[in-house]
Amino acid sequence: MPDGWEWDESLFAGSAPHYERGRLPYAAGFVDALRQALDLNGSGRLIDVGCGPGTVTVPLAPMFVEAVGVDPDRAMLEAARRRGVRAGIGNVRWVRARAEELPAGLGAFRVAVFAQSFHWMDREQVARTISRMLDPGGAFVHISDVKEPSSSGGLAHPAPPVDALRELVRHYLGPVRRAGQGVLEHGTPGGEAALLVQAGFGGPELLRVRADRVLRRTIDDVAAWVYSRSDSAPHLFGQRLAEFDDDLRSLLDEASDEGRFSERAPDTEIFIWRRPATVDRRQP
Ligand SMILES: C[S@@+](CC[C@H](N)C(=O)[O-])C[C@H]1O[C@@H](n2cnc3c(N)ncnc32)[C@H](O)[C@@H]1O
């Protein structure tokens, strides 16, 4: 959990309808990379904690007997459910809960995935709980984008004007990053290695999956990216949302003659941590 910050339900309020459109996709090869690394063959169960709109749950579900997506945000779970239906996936359960409420009677899992969600949690508590929920030899998998400055050098359109967008958000919401009803003075925490080791995990094995893809983004896509983020989620603008939206679209309009942007898709980084093959489920 970020230092000096308290979680509340509004963290991603209003973001869900913008999430799938706005967020950049994980590298397409991430599913195969995990299949190989974890020898996934349709056995065992998957839990995706902080599953959002099922971004990772849905493509991974066919490689397990059952997948469970857990998230506290009702609208994210609705979007996840729709995504599962669209993909024709029948072996997924969506559970509304915070990670801190686990195990919540959900049973045992072969793999637990955290895709850009672990930093919002009480990581020590959640790591300990998950280690007890995993089968012996099971895997704790941390997935994220590789953060690199966006450049559109040599591409058809300009890059989204990320710095100007940040400045506009600051103009409306103040200089310190917002998150739910609080602020993040020091950003979100990284460096979970020590606490995962403490929770009994071994590793990690690191996979970097190349994206090698250029995305063409419209003004609506980039606006959706802004609203998909916790620090510029729609609820934060209150009565001024329409005013902000006008300014946002004018800024984007001015940044590209044709209303188009080019962006290199980020690589995907996967850290795999393993529970020892012999697990004492009684440990604290
Ligand atoms: C950045 S989104 C990532 C969504 C999805 N995993 C993905 O990669 O597209 C973070 C998600 O974590 C969820 N989340 C935040 N705090 C959480 C907590 N304490 N327990 C479980 N999920 C949480 C949010 O509701 C949100 O859906």
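**Figure 1. Strand S1 is largely enclosed in this predicted model.** Five of the five residues of S1 are buried, so the rest of the structure largely encloses the strand. The strand covers residues 45–49. Both of its faces are covered. Arg45, Ile47 and Val49 are buried on one side. Leu46 and Asp48 are buried on the other. S1 has a pairing partner in S4, in the parallel sense, over three bridges. S1 also pairs with S2, again in the parallel sense, over five bridges. Leu46 has a bridge partner in each of these strands: Val111 in S4 and Ala67 in S2. Ile47 stands opposite Ala112 in S4.

**Figure 2. Seven strands form an open sheet.** The strand order is S3-S2-S1-S4-S5-S11-S8, and the pairing is mixed. In general, the strands of a sheet pair through backbone hydrogen bonds, either parallel or antiparallel. The edges here are S3 (92–96) and S8, each of which pairs on one side only. Ignoring direction, neighbouring strands are turned by 20° against each other on average. Helix H4 (residues 74–86) packs on this sheet. H4 touches strand S2 (66–71) and S3, and its direction makes about 175° with that of S3.

**Figure 3. Helix H2 has a buried side and an exposed one.** H2 runs over residues 30–38. Its residues Phe30, Leu34 and Leu38 are buried. Down the helix axis, the buried residues fall within an arc of 45°, so they line one face of H2. The general rule is that an α-helix has 3.6 residues a turn, so residues three or four places apart point the same way. The face turned away from the buried side carries Asp32 and Gln36, both exposed.

**Figure 4. Helix H8 is largely enclosed by the rest of the structure.** H8 spans residues 219–228. Seven of its 10 residues are buried, so the helix is largely enclosed. The buried residues are Asp221, Val222, Ala223, Trp225, Val226, Tyr227 and Ser228. Their cover includes three helices: H1 (16–22), H6 (162–173) and H9 (241–255). Strands S9 and S10 (260–264) are also among the covering elements.

**Figure 5. The ligand is surrounded by 21 residues.** Which residues are the closest to the ligand? They are Gly50, Gly52, Thr55, Ala115 and Trp120. The shell divides into 12 nonpolar residues, five polar and four charged.

**Figure 6. Two peptide bonds to proline are cis.** One joins Leu102 and Pro103, with omega about 15°. Pro103 is found in the loop between S3 and S4. The other runs from Gly203 to Pro204, with omega near 5°. Pro204 is in strand S8. As a general rule, most peptide bonds are trans, and most residues other than glycine have a negative phi.

**Figure 7. Ala104 and Asp212 have positive phi values.** Phi is near 50° for Ala104 and near 45° for Asp212. Neither residue is glycine. Ala104 lies in the loop between S3 and S4. Asp212 is in the loop between S8 and strand S9 (214–218). Are these residues buried or exposed? Ala104 has 14 C-beta neighbours inside 10 Å, so it counts as partly exposed. Asp212 has 11 other C-beta atoms within 10 Å, so it is exposed. The cut-off for exposed is 12 or fewer.

**Figure 8. Glu124 sits in helix H5.** H5 covers residues 123–133. Glu124 is partly exposed because it has 15 other C-beta atoms within 10 Å. How far apart are Glu124 and Pro62 in space, C-alpha to C-alpha? They are 30 Å apart, and 62 residues separate them in sequence.

Key:
Residues are numbered from 1 along each chain as its sequence is written. This is a predicted model: local features need pLDDT of at least 70, side-chain atom pairs count only at pLDDT 80 or more; totals for chains, interfaces and linings use all residues. A residue is near a molecule or strand if its C-beta atom, placed from the backbone, lies within 6 Å of it. Ala, Val, Leu, Ile, Met, Phe, Trp, Tyr, Cys and Pro count as nonpolar, Asp, Glu, Lys and Arg as charged, and the others, Gly among them, as polar. A residue is buried if 20 or more other C-beta atoms lie within 10 Å of its own, exposed if 12 or fewer, and partly exposed in between; C-beta atoms are placed from the backbone. Helices (H or I, at least four residues) and strands (E, at least two) are DSSP runs, numbered from the N terminus. The arc is that of the directions from the helix axis to the C-beta atoms. Two strands pair if DSSP finds at least two bridges between them. Axes are lines fitted to C-alpha atoms, for helices over the stretch in contact, and angles run from 0 to 180 degrees between N-to-C directions. Two residues are in contact if their C-beta atoms, placed from the backbone, lie within 7 Å.
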